[in-house]
Amino acid sequence: MRKSVLIMVITTVTAFSASWSIGPGGLSGWPGLPSSDILETGLLRAGTSLEYINTDQGTILQIPLQACWGLAENFEIGAVVPIVPIDNAFSGSIMGDVVLSGGWLYEKARGGSALKFTGKLTIPTGEKGRDTGAQLSLGGVTSTTFREFRLSMSAEYALNGGRNPFDDTIVDLLYFTAGGSSFLTSDILLYAAVTGSTSSSFTAGGGCQYLLGNSIAVDGGLGIGLDGFTNFKIYSGLSWTGEGY
């Protein structure tokens, strides 16, 4: 009986509650794994993390400041401001590329399946080579729940102008992510994902999230670069969710 109740609670939380972290671009999700979740109107989620990134050119320590806000029904906006106190790879600026984003929940079906359309604008405030540069992307993310496991997949089409978005060297790119998450208990969740792009970037990783009460989530995990600039990344982070905004 107690086991049945626990399974029911975990399934309900997985299917119907929003993710408690901030995903790529500042929208709902987890580090490295977007989701179709969307913040309810008036909810504000803010967070930061400490990321140690190892590359062939040297190590980078990054502290992204992130925020996501439920602006209106089925619509959220987000922002990421990366602070880079240590950059042994490029000896570059202390700020990375700022990202502004928006997500619109297009459809949600019974059982937790949903489709969210996303848009992101990357502002070239960071360092050449280290950061993406000027980029506009449009895409979508879908999530589906199978008992205690939730599958999420996303794809984005992007136009990238590098340091100068007004020249004739704009490149089109395709980004994709596939992964999943599952609650072990009502307050401990595991997630994993693979991400890639047509710019020869491919990574795999995962992490764990622990919920502290009703408003704070702690994340930690590891990412492995299978192809591209990053060899591996270790991160830990904290996010807070409040209402009435």
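Predicted model: local features only at pLDDT ≥ 70, side-chain atom pairs only at ≥ 80, totals over all residues.
Residues are numbered from 1 along each chain as its sequence is written, and side-chain values use heavy atoms, with hydrogens and water left out.

I begin with the strands. Helices (H or I, at least four residues) and strands (E, at least two) are taken as DSSP runs and numbered from the N terminus, and two strands are said to pair if DSSP finds at least two bridges between them. Strand β6, residues 75-87, runs antiparallel to strand β7, residues 98-108, and six bridges join them. Within this pairing, G78 has S101 of β7 as its bridge partner. On to the next pair: β7 also pairs with strand β8, residues 114-123, in the antiparallel sense, here over 10 bridges. There, K108 is bridged to A114 of β8.

Next, the cysteines. A disulfide is counted when a pair of cysteine sulfur atoms lies within 2.5 Å, and by this rule the count is zero. For accessibility, buried means under 20% relative accessible area, exposed means over 50%, and partly exposed lies in between, with a 1.4 Å probe and protein chains only. C68 is buried at 1% relative accessibility, whereas C208 is partly exposed at 30%.

Let me turn to T41. Where does T41 lie? T41 is in the loop between β3 (33-34) and β4 (44-55), and T41 is exposed, with a relative accessible area of 51%. Taking contact to mean heavy atoms within 4.5 Å, and leaving aside neighbours within four places in sequence, T41 touches G70, L71, A72 and E73.

Two of the approaches made by T41 are polar contacts, that is, pairs of N or O atoms within 3.5 Å; within protein, one atom must be able to donate a hydrogen and the other to accept it, and residues adjacent in sequence count only if both atoms are side-chain atoms. The T41 side chain reaches the backbone oxygen of A72 at 3.4 Å and the backbone nitrogen of E73 at 3.1 Å.

Finally, the salt bridges. Side chains of opposite charge can pair when their charged atoms come close. The criterion used is a side-chain nitrogen of Lys or Arg within 4 Å of a carboxyl oxygen of Asp or Glu. How many salt bridges does a search of the whole structure find? The search finds five.

One of them joins R150 and D37 at 2.8 Å, N to O. This pair links distant parts of the chain, with R150 in strand β10 (residues 149-162) and D37 in the loop between β3 and β4, 113 residues apart. R150 is buried at 3% relative accessible area, and D37 is buried at 8%.

The side chains of E76 and K116 also form a salt bridge, at 3.1 Å, N to O. E76 lies in strand β6 and K116 in strand β8, so this pair ties together parts that are 40 residues apart in sequence. Both E76 and K116 are buried.

R130 and D131 meet in a further salt bridge, at 3.0 Å, N to O. Salt bridges that share partners join D87, R130 and D131 into one network. R130 is buried, with 11% relative accessible area, and D131 is buried at 16%.
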